[in-house]
Amino acid sequence: MDMDQPLISVIVPIYMIDRYVGLCIESILNQTYNNLEIILVDDGSTDNCPAICDRFRVEDPRIKVIHQENGGLSHVRSVGLEIATGEFLFTFALCYVVLQVATSKKTEGNSYYGLAIGSTVLVGAFAVVGI
């Protein structure tokens with residue numbers, strides 16, 4: 001892990017998506033940008049999501065898991081923000097698959113690594129595809 005890169009906190013809301021949650025988490029873990037804090041907020045799922053999230057937490061120290069009663073997307077984000085320690089933040093609206101993108105280029109006039117998605121500039125290696 002390159003400690004010269006800023007820590008990026010990634011907040012992922014999890015709710016009743018056990019069919020896709022493993023793919024979503026793996027896509028984040030497979031990024032070329034490694035200095036990540038991955039916060040999985042299980043919003044009261046009654047399927048296999050809690051167990052899947054816990055399994056990934058054991059396998060990778062960058063992952064934090066929070067299990068809570070269903071409170072909705074705004075509450076998920078608030079809970080994630082409370083424990084996020086990154087210099088930058090990336091939050092999903094839902095579970096996404098994140099495509100791997102190169103992060104070796106520095107953005108012009110900025111010492112941090114970045115990628116523009118739409119009209120938003122994000123720091124890190126994120127190109128997002130909804131599922």
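Me: Start with the helix pair. Which residues of α1 meet which residues of α2?
Reply: This is a predicted model. In it, V21, G22, I25, E26 and L29 of α1 meet C49, I52, C53 and F56 of α2. By class, that contact has seven nonpolar, one polar and one charged residues.

Me: What makes α1 roughly parallel to α2?
Reply: The crossing angle. The axes of α1 (residues 21-29) and α2 (residues 49-59) come within 10 Å and cross at roughly 25 degrees. Angles under 35 degrees count as roughly parallel, so α1 is roughly parallel to α2.

Me: Is the crossing of α1 and α2 left-handed or right-handed?
Reply: The crossing of α1 and α2 is right-handed.

Me: Why is C53 called buried?
Reply: The relative accessible area of C53 is 0%. Buried means under 20%, so C53 is buried. C24 also has 0% relative accessibility, so C24 counts as buried too.

Me: How do you know that C53 is in no disulfide?
Reply: The nearest cysteine sulfur, that of C49, is 6.0 Å away. A disulfide needs the two sulfur atoms within 2.5 Å, so C53 is in none. The structure as a whole holds zero disulfides.

Me: What makes α1 mostly covered?
Reply: Seven of the nine residues of α1 are buried. They are V21, G22, C24, I25, S27, I28 and L29.

Technical notes:
Residues numbered from 1 in each chain as written. Predicted model: local features only at pLDDT ≥ 70, side-chain atom pairs only at ≥ 80, totals over all residues. Heavy atoms only, no water. Axes fitted to C-alpha atoms, helices over the stretch in contact; angles between N-to-C directions. Helix = DSSP H or I, 4+ residues; strand = E, 2+ residues; numbered from the N terminus. Parallel < 35°, antiparallel > 145°, perpendicular 65-115°, else oblique. Left-handed = near helix turned anticlockwise from the far one by under 90°. Contact = heavy atoms within 4.5 Å. Nonpolar A, V, L, I, M, F, W, Y, C, P; charged D, E, K, R; others polar. Buried < 20%, exposed > 50% of the residue type's maximum accessible area, 1.4 Å probe, protein only.
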